[in-house]
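Good morning. Please look at the screen, and I will go through the interfaces first and a few local details after that.

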Amino acid sequence: MEKKKHKGSVVERKKEVLSSLENLGLSIYEQIDGGQFPSITMPSRSTENINYDPQLRQFILGDRRVKRSARNIRHLKPFAQLVWAALFSNELSSQRKTSTLRDVYYSAQAYEMTFKDQQESNNIITDLETVLGFSREDFNIFPEERSAVFGDLTIEYTVPGYEGKTMDLTSHPDGVMIGPALTSAEFVKTKADKVIAIEKGGLFTRFIEENVHRKFNALLVLTAGQAPRATRHFIRRLNEELKLPVYVFTDGDPWGMHIAMVIISGSANAAHLRELNTPDAKWSGVWATDIVNYKLPTDPLDEIDMKRLLELQKDPRYKEDPLWHREIKTFMKIKRKAEQEAFSRYGLTYIVDEYLPAKLEETR
Amino acid sequence: MAQTTFEEISAADFFYRNRDIAGFTNPSRAIFAAIRELVENSLDAAESLKIPPDVYVRLSYEGEASAETQIYKLRVEDNGMGIQPRHIPSAFGQILFGSKYKLKQQRGTFGLGGKMAILYGQITTHQAATITSSTGLAKIYMYKLMIDIQRNRPIILDRKVLINREQWRGTVVEFSLEGDYFRAMPRLLEYFKQTAMVNPYANLTFVDPKGRLYKFTRVTKEMPEPPKETKPHPYGVDVELLQRLIQLTSCKNLLEFLRVHFHRVGDITARKFLEFSNLSPSKNPKRLSHEEIVRLMHNLKKFKDFLPPDASCLSPLGEELLKAGIVKELRPEFVAVHQRKPATYAGHPFVVETGIAYGGEVPRRGSFILYRFANRIPLLYDEASDVSMRVITAMNWRRYKVMPDMPISIVVHICSTKVPYKTVGKEFIADRPEVRKEIANGLREVARQIQHFLSRREHVDRERKRLGVFSKYLPKIAQFSAQLAGKEKPPDIEKLLKSVRQFGEEEA
């Protein structure tokens with residue numbers, strides 16, 4: 001892999017983000033200056049306007065647009081909050097600082113802008129994402145939850161104080177947190193040829209201990225449950241920029257199945273955003289059919305699990321691939337679920353020695 | 001069986017034995033009742049000359065009477081019409097003598113109250129009353145009187161005639177009585193305040209035994225039209241009245257008798273009525289038998305074609321004065337008043353006036369404060385039993401955006417030649433359907449007005465809030481967007497704010 005090729009993708013994106021924020025400010029400034037009540041239009045995020053795009057293999061927003069106008073008394077406060085959020089993001093980005101959603105809620109008070117609650121400030125950030133088409137991580141606003149990565153990948157930091165510094169992602173045995181510094185880092189080089197995303201921390205540690213990264217020449221990503229957006233975007237970059245195939249391993253239940261689906265096809269909540277999903281990623285297990293084939297110890301599916309299966313059956317993201325249909329049907333038939341740890345009944349290394357290679361082969 | 005002895009008692013004796021019914025129940029009620037009766041006489045005396053009343057009341061401490069009661073001297077002074085000297089002894093020393101037996105709206109009905117006060121004073125202190133009066137001519141007459149209770153006669157102890165150099169006109173009554181002022185005080189002060197409210201053209205002054213001065217000053221010299229005397233309406237007569245009229249009349253036949261002695265009965269109506277009751281128009285009324293008189297009374301009530309009584313015998317306060325009175329005593333932020341058209345119950349005309357006061361110095365009590373008046377007299381007792389209270393309780397105030405926790409006072413004034421009191425104590429109005437209906441309609445009207453006021457104020461509030469939102473957030477939007485765009489100064493938002501204001505004014 002060539003070193004130069006990917007350098008700059010992060011910096012380029014930052015520039016785009018900054019100029020779009022500036023343009024937003026300029027457009028509002030000019031409207032006011034022209035004696036007009038400023039307004040902003042953006043795609044509607046109401047459920048009727050969320051459609052599944054089989055081409056992009058993710059949810060997208062339809063043509064319906066909503067207008068926020070400072071003329072309308074009900075829009076006025078959210079409008080001011082939105083402009084403030086844009087200014088705040090702009091300052092974060094240009095000063096190369098990061099913040100969290102919780103931070104945003106409190107920072108507003110320094111500008112005499114008040115949010116009723118955390119939910120209100122979160123909504124405004126989502127509005128800003130919708131208006132500009134960038135995700136909040138692009139505005140240096142990160143969620144609290146963190147996931148991790150481990151493997152043969154050298155990155156180069158772009159965060160202040162670390163610019164130009166490189167790091168090998170095998171250097172820490174617990175993995176490296178996928179935080180603001182890592183998501184804003186450029187990829188320098190890797191010898192890995194695949195990415196394995198894992199739902200649970202226990203198994204992630206086991207894989208590192210068992211040298212999965214070396215045995216399978218893979219980068220290991222811990223999603224820690226439902227993958228945060230930053231992690232989803234990071235996985236996509238691994239797939240897109242480094243051309244690495246992605247395999248997702250989750251628990252064998254409807255919830256695990258959906259963790260894989262969100263990595264592949266994104267979520268309805270992020271329908272206003274692009275580049276968070278990895279359409280070519282594969283769900284490699286644990287499948288319902290694996291539960292049968294490997295005779296795994298199981299728990300019964302409870303009422304909520306069954307309800308979830310019925311919902312997923314109707315979900316457009318599950319319509320494409322016969323694999324999903326088969327697995328949903330099988331779950332419904334056997335009415336059982338199994339965790340990734342269930343393989344331990346065959347010994348601690350069975351999952352790495354037998355199951356993993358078989359599944360990687362099967363889903364290649 | 002024991003022998004029962006019958007004895008005739010005089011009117012004075014009767015009231016002496018039954019002073020409860022005239023309001024002299026206990027030492028604190030007695031003080032209240034005495035002052036109230038004399039003040040009302042004074043107001044009537046000035047109003048009948050259409051002179052704005054000046055009433056001065058002084059209660060001074062004389063000595064202890066018992067553990068809980070004291071002897072006080074009461075002096076009530078007015079600028080009223082004065083009393084002819086020959087009438088003074090009877091007017092103050094003989095029960096059931098007075099000017100109030102004709103039909104017109106007046107505060108007192110029986111001419112009893114003032115004499116009861118003096119009688120009460122005499123019973124409790126054994127002292128004479130002093131009456132000084134002048135009709136404004138050359139002389140002032142001063143009488144020192146006591147009442148011979150058994151014979152119901154005044155006893156004149158002293159009589160003086162003074163030269164009226166300053167052409168003074170009015171009456172001063174002074175006598176001692178036993179009572180408990182400090183328990184009467186709250187109610188008494190409330191009485192003065194409410195009297196001032198419904199007599200905004202009167203000056204009321206009260207000096208209490210501690211020398212404290214309470215002054216209620218008039219805000220207008222306008223006065224309501226004084227009532228005219230009228231004849232009784234056929235629907236309102238009883239056998240007693242018929243018999244008295246027959247005794248007095250000089251009419252020689254029934255047709256004339258009806259025309260002359262009854263309110264709103266003309267030739268045609270009288271003929272129709274006589275036909276209806278099978279009576280000959282030429283019959284001499286004095287020849288009617290007792291049974292015929294009873295039947296006549298019943299027919300008078302049954303006959304449908306009598307015209308309703310007119311209200312010229314009534315003297316309602318009028319909307320202007322009622323409003324002035326409410327504003328003067330309650331100092332509200334908003335007041336609405338309404339006068340109903342005259343109505344009748346059982347042949348008695350009456351007019352209901354209503355008012356509603358909101359905000360300002362009107363206190364918030366968690367329920368409305370009700371002020372009740374009858375013929376310009378405040379009614380202070382038995383509020384819960386009053387028809388007005390029932391109407392207020394039954395009304396759907398929510399419809400008018402009015403909530404019980406708002407600072408609201410309600411005023412109901414009913415005037416009539418015969419106020420439908422429920423009891424002799426004259427404390428509350430009976431629940432008669434005609435009266436209830438008038439009060440309800442009157443209250444609905446003022447409720448509509450306050451609803452209008454409240455929604456308008458709400459609108460103004462909303463508008464103010466709306467402007468507040470714009471002037472809070474527009475500058476911020478301007479400032480943030482300028483910073484975002486890298487401009488040095490925020491854009492000018494004056495134009496936008498101005499258009500918001502214009503928009504708001506149009507709506508308001």
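Across the interface of domain 1 and domain 2 of chain A, the rule finds three salt bridges, a salt bridge being a side-chain nitrogen of Lys or Arg within 4 Å of a carboxyl oxygen of Asp or Glu. In one salt bridge the side chains of R96(A) and E163(A) meet, at 2.8 Å from N to O.

Before I go on, some housekeeping. This is a predicted model, where local features need pLDDT of at least 70 and side-chain atom pairs count only at pLDDT 80 or more, while totals for chains, interfaces and linings use all residues. Residues are numbered from 1 along each chain as its sequence is written, chains are lettered from A and ligands numbered from 1 in the order in which they are written, and side-chain values use heavy atoms, with hydrogens and water left out.

Back to chain A. Domain 1 covers 4–41 + 64–142 and domain 2 covers 148–362; these bounds come from an automatic or database domain assignment. The C-alpha centres of the two domains lie 32 Å apart. In contact, meaning heavy atoms within 4.5 Å, are 18 residues of domain 1 and 21 residues of domain 2.

How much area do the two domains of chain A bury between them? About 1600 Å², with 54% of it on carbon and sulfur atoms. Buried area is the accessible area (1.4 Å probe) that two parts lose on being put together, summed over both.

There are also five residue pairs in polar contact between these domains, both residues at pLDDT 80 or more. A polar contact is a pair of N or O atoms within 3.5 Å; within protein, one must be able to donate a hydrogen and the other to accept it, and residues adjacent in sequence count only if both atoms are side-chain atoms. On the domain 1 side, α1 (9–33) and α4 (118–132) of chain A each supply at least two residues. Helices (H or I, at least four residues) and strands (E, at least two) are DSSP runs, numbered from the N terminus. α1(A) gives the most to that side, with four residues.

Now the two chains. Here 25 residues of chain B are in contact with 28 residues of chain A. Chain B and chain A bury about 2300 Å² between them, 77% of it on carbon and sulfur atoms. Of the area that chain B buries against chain A, I477(B), F480(B) and L484(B) supply 31%, more than any other three residues. How many salt bridges are counted between chain B and chain A? The count is zero, and two residue pairs are in polar contact, both at pLDDT 80 or more. α12 (433–485) and α13 (494–507) of chain B each give at least two residues to the side that touches chain A. The largest share of that side, 14 residues, comes from α12(B).

Last, two local details in chain A. Most residues other than glycine have a negative phi, and most peptide bonds are trans. The peptide bond from G285(A) to V286(A) is cis, with omega near 5 degrees, and V286(A) lies in the loop between β15 (282–285) and α10 (288–293). N217(A) is not a glycine, yet has a positive phi of about 55 degrees; N217(A) sits in the loop between α7 (212–215) and β13 (218–222).
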